[in-house]
Amino acid sequence: MIILAKKDYLSIDIGGTFTKYALIDHSGNLKVKSKFATPNSDVQEFLKAIYQVIDDNNDSIRGIAFSIPGRIDKDDQTIYFGGALPMLHGLSLGRIIQSKYNLPVSMENDGKCAALAELWLGNLQGVKNGAALVLGTAVGGGIILKGKLWSGTHFQGGELSFMLTQVDNRSDAENNIMLNAGSAVKMVNTIGEKLELSDPTDGLRVFKAIENDDPIARPIFEEYCRRIAYIITNTQAVLDLTNYVIGGGISNESILVPEINHQIQIIRDENPLLRDTLQKPTVETAKFKNDANLFGALYSLLVDLDDTHSVSVEL
């Protein structure tokens, strides 16, 4: 006799370069974790790789959770505009997997998964109104309202990358949208190039230069943090949240969040009416790093199954 309560869930985080997967139980205990190179040019090869992972674990799972780039329509289990994997556009992955394996399946956008991980077991736990910002190639994230993920009418709520900035005067300037202006990867590369590093992507050397107050590196970093501060301040004006957490690989740098908070204070001091009217939120580093999407995807599935009773989350 199979006792379903003793089974784990398979959580799969699909990325442009690698796909990570893990067995996690309903209390958030990670059992096994691995990854493979994401097939990024052929949908059938991609599906074969996913099938293989599920087949290898099918005897010990009671559900499958996906974190996926792009707009995820949870009603029809379809991926639209798959971010770094445009070949996934229009793929009804959830329905395909559910039909093939007869298991509960959930899909969620990768940025929203990061927010859900923080809500479930991270630094948004117990927060009614908050947000997670994931700083990487672009600005991902998710918004929590009344203790639940806010998806929006078209499953595009929290797409902070599409905020307009008008940093440059030209209408076609790439920095006029936060997708580019808020890119941590681009910021590191810009500093690396201006410092004429042999490898401009060397984040270790870039941040060492920033910490040493290099006259080239430091101003670029501060300007980047100011842009993130604008995102937070503008979001605050609309949603009045209490907490923001900052994730992504760059969040490992201890100087990042303090500088973002510093830039928020500068913005407030420059705008006394804003300072006196808008409540300043708490901004801190996210708890989850590289595994955030695995945990967030699972929490999305547990919410769908209404199986969160075993997790102590005060809302």
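This is a predicted model: local features need pLDDT of at least 70, side-chain atom pairs count only at pLDDT 80 or more; totals for chains, interfaces and linings use all residues.
User: How do you know how confident the predictor is in the chain?

Analyst: Check pLDDT, the predictor's confidence in each residue, from 0 to 100. The chain's mean is 91, and 93% of its residues reach 70 or more. Residues 1-5 stay under 50, with 4 contacts (heavy atoms within 4.5 Å) beyond four places in sequence. Residues 308-315 are also below 50, and that stretch has 19 contacts beyond near neighbours in sequence.

User: What makes the radius of gyration agree with a compact globule?

Analyst: The radius is taken over C-alpha atoms, and the globule rule is 2.2 Å times the number of residues to the power 0.38. With 315 residues that comes out near 20 Å; the chain has 20 Å, so the two agree. Along its principal axes, the C-alpha trace spans about 65 × 45 × 35 Å. As for contacts between residues at least 6 apart in sequence, 62% join residues at least 24 apart.

User: What makes α3 count as largely enclosed?

Analyst: Buried means under 20% relative accessible area, exposed over 50%, and partly exposed in between, using a 1.4 Å probe and protein chains only. In α3, 11 of the 12 residues are buried, so the rest of the structure largely encloses this helix. Among them are Cys113, Leu116, Glu118 and Trp120. Across the chain, 50% of the 315 residues count as buried.

User: What caps the N-terminal end of α3?

Analyst: Asn109 does: one of its side-chain oxygens lies 2.9 Å from the backbone nitrogen of Gly111. A polar contact is a pair of N or O atoms within 3.5 Å; within protein, one must be able to donate a hydrogen and the other to accept it, and residues adjacent in sequence count only if both atoms are side-chain atoms.

User: Why is Gln77 called buried?

Analyst: Its relative accessible area is 10%, so Gln77 falls on the buried side. Gln77 is in the loop between β5 (71-73) and β6 (78-80), and a polar atom of its side chain lies 3.4 Å from the backbone oxygen of Lys74. Leaving aside neighbours within four places in sequence, its contacts include Leu91, Arg95 and Met107. Gln77 also has a positive phi of about 55°, although it isn't a glycine.

User: Lys146 has a positive phi too. Is Lys146 buried or exposed?

Analyst: Phi of Lys146 is near 55°, and the residue sits in the loop between β9 (139-145) and β10 (148-149). Its relative accessibility is 75%, so Lys146 counts as exposed.

User: Last one: why does Ala49 count as buried?

Analyst: Its relative accessibility is 18%, so Ala49 counts as buried. Ala49 belongs to helix α1 (residues 43-57) and touches Phe36 and Pro39, not counting residues up to four places away in sequence.

Note on methods: Residues are numbered from 1 along each chain as its sequence is written. Side-chain values use heavy atoms; hydrogens and water are left out. Helices (H or I, at least four residues) and strands (E, at least two) are DSSP runs, numbered from the N terminus.
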